[in-house]
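Hi,

Here is the structure I promised to pass on. Have a look at it, and then read on for some notes on its aromatic rings.

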Amino acid sequence: MSDPTGTTDPTGASDPVSTPGSTGTRYHLPAGSAASGPYAVDIGPERAGWTYCSLRVLHLPPGGAHEFATDGSEWIVLPLAGGCEVAVDGHTFQLLGRASVFSGVSDFAYLPRDARARITSRDGGRFALTGARCERALPARYVPADAVPVELRGGGMCSRQVDNFAAADVFPCDRLIAVEVLTPGGNWSSYPPHKHDEHVPGRESRLEEIYYFEIAPARTPDDPARTPAADGPGTPGLGYHRVTPSGHGRGTDVLAEVRDGDTVLIPDGWHGPSIAAPGHDMYYLNVMAGPDPDRAWLISDHPDHAWIRDTWPAQGTDPRLPLGTFGTPPSGDAR
């Protein structure tokens with residue numbers, strides 16, 4: 001994809017996160033292009049060119065361990081595949097985790113700023129570290145999987161599932177907001193396009209945002225249970241993600257073919273849809289944070305497409321949802 005200066009990125013990534021050894025920046029980071037040290041994905045404010053949001057994806061082998069300082073950020077350790085033990089501030093949390101992001105919600109651990117944390121995994125796995133620079137040091141906490149609210153949002157081909165593990169109105173953080181979204185193959189998610197790049201009290205909040213994608217293996221008609229195969233980097237399948245300029249920021253413009261392990265950065269702009277290819281369920285992890293005094297997820301829909309919401313109640317929820325198993329039944333919401 002061509003960048004705003006007219007040059008072409010040979011990786012196919014779209015422009016602008018600064019990459020090591022490069023003076024350019026990119027919004028779409030294909031799997032592997034944001035790796036650093038022990039992390040398969042390592043995106044912080046400096047690399048993203050913004051102020052608050054961070055995402056790391058840690059791969060640990062069986063018996064592996066990783067230690068890090070939280071510094072001036074709050075973090076959540078969220079298992080993507082596998083379980084782990086998290087030690088921080090004199091607490092030790094056993095995270096049971098899950099087989100994959102498509103098998104159900106996971107428990108998680110919250111880490112305060114200015115702490116030292118250690119993650120160990122007996123059997124190995126993949127773990128997301130969602131972070132945000134913050135001011136307050138809140139206590140370390142553990143949340144079991146059955147306490148995570150699951151919401152079925154939208155209707156018809158816009159049906160998707162939202163695991164609200166660290167939504168603004170669900171789990172207390174200083175600045176961090178994080179949720180998981182699962183979209184059945186062929187459906188549109190993050191739709192209608194929406195934005196959160198202006199501070200309009202009570203109507204819209206300013207939030208930087210990271211999308212991290214995983215794509216499920218193909219499902220076939222003879223698999224009525226839609227049992228997920230082993231997922232992970234290299235799994236076949238794809239999706240598409242769109243961001244268009246809103247006039248309230250950098251003019252972010254992205255049309256990306258996203259695959260397993262890809263990341264998209266959204267400093268501003270109308271974002272959506274995220275489209276799952278038929279036969280391949282799509283997962284994305286949203287990480288958000290911003291400067292507003294109130295920690296809130298307030299959005300404005302694109303005026304050309306907001307009407308679609310009114311059609312959802314009559315269409316009903318896609319019967320393929322929910323994906324995975326849960327401690328409590330998911331709730332419906334046609335927003």
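Tyr191 counts as buried because its relative accessibility is 14%, where buried means under 20% relative accessible area, exposed over 50% and partly exposed in between, with a 1.4 Å probe and protein chains only. This is a predicted model, so local features need pLDDT of at least 70 and side-chain atom pairs count only at pLDDT 80 or more, while totals for chains, interfaces and linings use all residues. Residues are numbered from 1 along each chain as its sequence is written, and side-chain values use heavy atoms, with hydrogens and water left out.

The structure holds 10 aromatic pairs; rings of Phe, Tyr and Trp (its six-membered ring) pair if their centres lie within 6.5 Å, with planes under 30 degrees apart called stacked, over 60 edge-to-face and the rest tilted. One of them joins Trp188 and Tyr191 edge-to-face, at 5.2 Å centre to centre and 90° between the planes. Trp188 is partly exposed, at 33% relative accessibility.

Tyr211 and Tyr284 make a tilted pair, because their ring centres are 4.7 Å apart and their planes are at 35°. Since Tyr211 lies in strand S16 (residues 208–215) and Tyr284 in strand S21 (residues 282–289), the pair ties together parts 73 residues apart in sequence; strands here are DSSP runs of E, at least two residues, numbered from the N terminus. Tyr211 is buried at 1%, and Tyr284 is buried at 2% relative accessibility.

Ring pairs also link Phe108, Tyr110, Phe165 and Phe171 into a cluster.

Best wishes

Note on methods: Helices (H or I, at least four residues) and strands (E, at least two) are DSSP runs, numbered from the N terminus.
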